[in-house]
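Today I am opening my notebook on a new structure. Come along as I jot down what I looked up.

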Amino acid sequence: MPKPSLKDAILDAGLKVMFRTGYHGTSVRDVTAAAGAPQGSFTNHFRSKEAFASEVLDRYFDVTKGLVAEALDDISLTPRTRLRRYLDIITGRLEADGYGRGCLIGDLSLEASGSSELLRARLAAIFAEWRMPFAACIRDAQTSGEIASDFEPDELADFLLASWQGAILRMKVDRNPKALERFKTIAFQTVFRETTT
């Protein structure tokens, strides 16, 4: 009888370890120890640390896409309110972590994109996919006249995600939500201000 695969356990452990120590600070030994798996099982499933980190990113992004859908697919809310709801959902999750852990996508963008072409390309693809539902929601808000149409939806979606990542980084430094709340207040009183009819 074949042994059960330890791949999921290794990926789950890798996500936790990478959040705590970063990409460069995470070793195969750390991950396999956290997973309770022999080191050889890592190389059975992953051809390199980069390939492993890419799969960890995919797993993390799947969760993120679920949170995006939770907020942006709720058609009982106006498009502008859905955008704000996403930021509030993420704020709640960051609060639950004591404002000490941010976004793995943002963290690896800073840490690994300069040293790993494989991860840089994967992160670029993630950001391109990530902005699509935001652009669609912004387009809906512009079409309904809820927010101004001064900028293209794709540009506003990129602005939202990039600026939000910056606010999360500052939050991690300060260990409090002030940067997140400041971003939400300013963004929704300026760029995503509700139009007056």
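Predicted model: local features only at pLDDT ≥ 70, side-chain atom pairs only at ≥ 80, totals over all residues.

Entry 1: F42 counts as buried because its relative accessibility is 3%, under the 20% limit. I then checked F46, which is buried too, with a relative accessible area of 2%. The rings of F42 and F46 form an aromatic pair, with 5.2 Å centre to centre and 45 degrees between the planes. I noted that pair as tilted. F42 and F46 also belong to one aromatic cluster with F52.

Entry 2: How many aromatic pairs does a search of the whole structure find? I got ten. Next I looked up F188 and F192, whose ring centres lie 5.5 Å apart. Their planes stand at 35 degrees, so I wrote this pair down as tilted. F188 and F192 are both buried.

**Entry 3: charges over rings.** Which residue lies over the face of F188? I found R84 there, at 5.6 Å from the ring centre. I also looked at F19, where the charged end of R101 sits over the ring, 4.2 Å from its centre.

**Entry 4: two helices.** I turned to helix α5 (residues 79-96) and helix α8 (residues 153-174), which pack with their axes 13 Å apart. The angle is about 25 degrees, so α5 is roughly parallel to α8. I put their crossing down as right-handed. Who meets whom here? From α5, I listed L83, L87, I90, T91 and L94, and they meet L160, W164, I168 and M171 of α8.

Note on methods. Residues numbered from 1 in each chain as written. Heavy atoms only, no water. Phe/Tyr/Trp six-rings, centres within 6.5 Å; stacked < 30°, edge-to-face > 60°. Buried < 20%, exposed > 50% of the residue type's maximum accessible area, 1.4 Å probe, protein only. Lys NZ or Arg CZ within 6 Å of the ring centre and 35° of its normal. Axes fitted to C-alpha atoms, helices over the stretch in contact; angles between N-to-C directions. Helix = DSSP H or I, 4+ residues; strand = E, 2+ residues; numbered from the N terminus. Parallel < 35°, antiparallel > 145°, perpendicular 65-115°, else oblique. Left-handed = near helix turned anticlockwise from the far one by under 90°. Contact = heavy atoms within 4.5 Å.
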